[in-house]
Amino acid sequence: MKILVTGGAGFIGCNFVHYMLKEHPQDTVVNLDLLTYAGNLESLADVEDAPNYRFVKGDIADMEFVDALFEKERFDVVVNFAAETHVDRSITDPGVFVRSNMMGTQALLDAARKYGVERYHQVSTDEVYGDLPLERKDLFFTEQTPLHTSSPYSASKAGSDLLVLSYYRTFGLPVTISRCSNNYGAYQFPEKMIPLMLTRAFYDQTLPVYGTGENVRDWLHVYDHCSAIDLILQKGRLGEVYNIGGHNEKTNLEVVRVILKAMDKPESLIRFVADRKGHDLRYAIDPKKIETELGWKPKYTFETGIRQTIEWYLEHREWWQHILDGEYSDYFKKMYKL
Ligand code: NAD
Ligand code: DAU
């Protein structure tokens, strides 16, 4: 099988490329990525010469380019990870989110339809459901929860989900969608909360916690997200949405404290800063559908996964130091003024 993975130079995409090359060595993986600030080929250095892997630089929102690539390569399966993904950046610059996330999805859908791919899988997010109240621990996101977005990022992801479902209903395109909770693990760009806290704690720098730190996220190790997508590709029903999550709800403050403790750093590094605009209170996935229908189970608990992730960052300092030394340092200064 020939699989197009878009956004394969980003955090989850590169973990998925590694996962697929290991678990399905008979398949060929083509990685299409624009290499925005978030794309990093250093994350794939160990597989760049693999005979069943290829990298193509390009923009999923460039319709002509996408059409030509599909005509040439005749992909069997498309897994679309490519997106602008950072909520804070979507608040300062929504336009690029609409372009890459919505127009990019449309270009891929059109090409998938024209060249008859067997499966188009859209990697979506639990953020399309908006948020849940902090005091209602009995409430979870199910696949039936109405879309109710808060940020330009989540709105652009919800818009692309609706486009994907419309191509199923109107054109019969064989699609599936997954909506996963917050991921953590190796190769995550240090603008995101866990690697941001980890890399700053390493240098005894202050850790910027938005608002009160009581917002809740539902954490899943990136390996478990990859295994869930693999299972959906193999056994998922067409036209269906599958939520992915492992019941690992934590307040942001709890997560920061776990990191500080594991790194033997003082809690005095924590600095409460101005809250994110429109900050979602709580995410919590109900994964019953994927568990019962497809038999998916996560491999990692939060405790084992976060320990392994901290070790990975400590052992791969060069990978994140290159990012901290690059254009990201300007973003950080402007964003945090710390
Ligand atoms: P990321 O920001 O680390 O990587 C995104 C990748 O997409 C980068 O390599 C970037 O260069 C590429 N890209 C961006 N615009 C592109 C374009 N126009 N054309 C081609 N490539 C482009 O993102 P991530 O955290 O790995 O997220 C991957 C996907 O998973 C996204 O669709 C995101 O919405 C979804 N998701 C993420 C999480 C999470 O916790 N990170 C959770 C659920 C779902
Ligand atoms: O739920 C899935 C989503 O998870 C994905 O769709 C997004 O692409 C991904 O970025 C992530 O979104 P979040 O906004 O939840 O992740 P982030 O790492 O930016 O923030 C996690 C929590 O930590 C959130 O409540 C905001 C808070 N935070 C974040 C940063 C960057 C801080 O308190 N301080 C920070 O500096």
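Reader: How many salt bridges does the structure hold?
Author: This is a predicted model. To read a salt bridge, look for a side-chain nitrogen of Lys or Arg within 4 Å of a carboxyl oxygen of Asp or Glu. The structure holds 18 of them.

Reader: Which residue forms a salt bridge with Asp88?
Author: Arg276 does. The closest N and O atoms of the two are 2.7 Å apart.

Reader: Where in the chain do Asp88 and Arg276 sit?
Author: In distant parts. Asp88 belongs to helix H3, residues 87-92. Arg276 lies in the loop between strand E12 (270-273) and helix H9 (288-294). The two are 188 residues apart, and the pair links those parts of the chain.

Reader: Is Asp88 buried or exposed?
Author: Asp88 is buried. Arg276 is buried as well.

Reader: What about Glu191 and Lys192: how far apart are N and O there?
Author: The distance is 3.4 Å, and the two side chains meet in a salt bridge. Now check accessibility. Buried means under 20% relative accessible area. Glu191 has 2%, so it counts as buried. Lys192 has 17%, so it is buried too.

Reader: Which residue pairs with Arg237 in a salt bridge?
Author: Glu240. Their closest N and O atoms are 3.6 Å apart. Arg237 is partly exposed, at 42% relative accessibility. Glu240 is also partly exposed, with a relative accessible area of 21%.

Reader: Which residues do salt bridges with shared partners join into one network?
Author: Lys2, Arg54, Lys72 and Glu73.

Reader: Let us turn to cysteines. How many disulfides does the structure hold?
Author: A disulfide is a covalent bond between the sulfur atoms of two cysteines. To find one, look for two cysteine sulfur atoms within 2.5 Å. The structure holds 0 disulfides.

Reader: Is Cys180 buried or exposed?
Author: Cys180 is buried, with 3% relative accessibility.

How values were computed. Residues are numbered from 1 along each chain as its sequence is written. Chains are lettered from A and ligands numbered from 1 in the order in which they are written. This is a predicted model: local features need pLDDT of at least 70, side-chain atom pairs count only at pLDDT 80 or more; totals for chains, interfaces and linings use all residues. Side-chain values use heavy atoms; hydrogens and water are left out. Helices (H or I, at least four residues) and strands (E, at least two) are DSSP runs, numbered from the N terminus. Buried means under 20% relative accessible area, exposed over 50%, partly exposed in between (1.4 Å probe, protein chains only).
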